[in-house]
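The points can be read in order.

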Amino acid sequence: MIVAHISVGRSIQRLDEHASQIWFGRLDPRAKLLGVLAFVVATALLTRTTLLLASLAIAIVFAASSRVPVGHLSRAYLAALPFVLVASASVFVFGGAEKGLNMWMRVSACTLALLTLATGTETFNLFSGLRRLKVPALLTTLLMLTYRYLLLISDEYERMKTARKARGFAGGRNLLDRNGMRVLSYTAGMVLIRSSARAEHVYEGLKARGFREDMSMWKRSTIALADASFMAVFFAASVVLLALQIEVVI
Amino acid sequence: MHIPDGLMDPIVAAIGLVEFLFVVGAALVVSRRALRDKELPRTALLSAGIFVAQMVNFPVGGGTTGHLIGGALFAIMVGPAMAIVGMTVVLLIQALMFGDGGITAFGLNGLNMAVIAPLTGWGVFNLVKPIAVRSKRLGEGMAVAVASWASVFVAAAACAAELAVSYAISSGAYGIAATVSVPAMLGYHAIIGIGEAIITVGVIAYVHQVSPETFLHRAGTNTSRSGTARILSSKTIHATIAVLVVFALALPFYFLYASDGKDGLEQTVAGTGVSEGEPIAKSPFSYGESYFAALFAGIMGFLAVALATLGILKLIDSRKMSG
Amino acid sequence: MLETQDLGFVYDDGTVALEGITLAIEEGEKVALVGPNGAGKSTLLHLIAGFRMPFTGKVTVSGMDLDRSNADTVRRNLGFVFQDPDDQIFMPTVEEDVAFGPRNLGLDNVEERVTKALKSAGIEHLAKRRPHRLSYGMKKRVAIAGTLAMDPKMLLMDEPTSGLDPRSRSELIRLLRNMDKTMLIATHDLEAAAEIVDRAIVLNVSSIMEGSMRDLVLARDVLEEAGLEIPPVSKLFDALDSMGYQIGALPVSMDQAVAELTKVIEREGRHVHAHVHEHNHARGDASHAHPHKRAPLEDLSKED
């Protein structure tokens, strides 16, 4: 499930840069967040097969038309698959084919929508959107700072691993390999120590630039026609799906 | 154990969200003063560090690899409140940047990995530590190991329980049947927990050795204070409360499950239309019997380990004294 | 502009970092703080910026005495450029990061400030780029731009030339030399200091000496003890001087060297050969007669 993170630095950078080149990436983040949230919430509440089919179809069309890199999208989806498969399989075994299929469709639709949002939005932009949606400054500032240094620290970690390999380290392949596990944990320990040490400098850096409480973007987007239409489409779809679901139950 | 959207029953997800927001809110309030100043960048940097540390993968046999969750590690390093906030940041980034873990399921994911894991880790660590350090050979490392394992195992038990409840109350539309979720989650994570324990012990030992000022919370003896003050502020009390909180979080789910009237196995069987005599899947233990069994397994798990540890320590101690 | 009086600072473990530092910097001055590693140069800069408390003595910035309660206010007048630019670049694009400072301080005309700062640092073409991808030298410029955008009265710079490749280093030296800002530069790169500043303070926990760069370069024993190397230009003229090549004042920077050479040429009334050729010093070869003041070129190689 965390497999997708392994090449954090490079993949995220590429995605972030790609995001500004596609129509979806240029939408106001608030519109994207609210639209996708509505869709995911609605889909999570669906249990009727036909509705789930519709929802999955919408998700696929969304993902395809957004122009996010397919390779990354599929890799991320596959990373989430184990949980989904176990769930679907167990429902299939105990509850029958239809329920199993429903489970798979529902999780896939939600995951696809969320992944499209994630890969198609520049990260800082996304966090900035959260802030503008009134998420507390403390949290969004933490998010932005953590993200900013995540790339740096992950680069440092990659260098450490290379240096390790250059010294002939090939261990850590076995839980019982005591020396190997020790080296693994020492590397992790080193990462944490360096992170903590840098924190002192970052604090001074922030203060030296007059930082007080809120980290926010200077150039902000405004809600335009494209954003409003995006939201309208997704809200409409969500409402319709929910209405049909509830009607059926009652 | 990042749960995607659409897997859990909406009511379970909603309860999880409410509980999670409550606990995170409390954690933010507790650490607010610190976070306003120097601790803000420190929490961010350590969260980034933990994120990267989570990328360390260790083999768990059968060609699969496991990853560090880091809840216990974080809590032992900076204390429970800060760890809850930090782990929440990590989970948010994972959900919003990688789609790892859903948004409607965020409450449950947060509960399991950002609340239960660190609280259990910290609680067990502080409960076991005073006893563990009496033995010179095993010492603090033992406490760290037990705490880390417990943090993973209990979080997994919580996740299994949530899946089981989702399955039971939705007549099989959501969640995973207890007969599958409990053994799968507990079995897999019992082994993952070992890896987590080994790595966490190594990290803490390394940090202690190289740069102890990284630690915010130093385990110290408060001998200077008066008796009652010492007892009230003691880490042991706080730790006990933390562990109790973890299990209290399970109560709403239990009542939700129990109120439905049917227990897990009956639900499972009724859904397939097979008579009770010939179950499709039968597990060696009667996990499916009641949701509470999942919870119980969690408690039993870490109690067993703790008792075993104490037992071993007592043995070593007595042998040393006689020998 | 900046004044310290008998400044002292002790680390948590008891080691004395700074002792009895008294200095004064006027507006418009460029001063270098030189000394070996561990001398306390960086600590002094951090202290002036209000990051090392408590300290003994007084620090006055723009008429304000620094203490715990007004550190933030005092910092508004100072632009601190760290040694590692990654410690002070926070935003995803260069222009966002340069705007960070002025926005936090609530200054107006952010757009204008950003453009001006980018221009002063020579990086307008990098405005939309991501800092993460830039070279170390460029990142240092971004950090400088971000500091300039806040319009500080004085710049504090911690080892600005360290870690730079030769090209970036000379570009940065040129940038700082031409910049019209009061600055205090902590460095062990004497050559860079000589090109940029008017005077220097030698520091090793306490102040060893103070004076113009030339005073410094002439004080050989001080430099020796401080583990500092004189600029190559000075070394060259030193060598020439020992060969009898009369010079006026010892040059410490390239500009001074060129000025000195020009003076000498005019004084001697000769032109200087800049080409290489085989010539034989046969008597009577009038077409190429030029008296050698010293030993012929071939002998110079024997001196070391």
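1. Between chain A and chain C, 19 residues of chain A are in contact with 23 residues of chain C; contact is taken as C-beta atoms, placed from the backbone, lying within 7 Å. On the chain A side, α7 (137–166) and α8 (178–208) are the elements that give two or more residues. The most come from α8(A), with seven residues. Helices here are DSSP runs (H or I, at least four residues) and strands likewise (E, at least two), numbered from the N terminus.

2. By type, the chain A side that touches chain C holds eight nonpolar, four polar and seven charged residues. Nonpolar covers Ala, Val, Leu, Ile, Met, Phe, Trp, Tyr, Cys and Pro; charged covers Asp, Glu, Lys and Arg; the others, Gly among them, are polar.

3. This is a predicted model, where local features need pLDDT of at least 70 and side-chain atom pairs pLDDT 80 or more, while totals for chains, interfaces and linings use all residues. Residues are numbered from 1 along each chain as its sequence is written, with chains lettered from A and ligands numbered from 1 in the order written.

4. Chain C has an open, mixed sheet of six strands, ordered β6-β7-β8-β3-β9-β10. Pairing requires at least two DSSP bridges between two strands. At the edges, β6 (78–81) and β10 (206–212) of chain C each pair on one side only. The twist averages 15° from one strand to the next.

5. Within this sheet, β3 (residues 30–34) and β9 (residues 199–204) of chain C pair in parallel over four bridges. Leu33(C) has Ile201(C) of β9(C) as its bridge partner.

6. Helix α5 (residues 136–148) of chain C lies across β6 and β7 (154–158) of chain C, at about 170° to β6(C). Angles run from 0 to 180 degrees between N-to-C directions, with axes fitted to C-alpha atoms, for helices over the stretch in contact.

Definitions and conventions. Contact = placed C-beta atoms within 7 Å.
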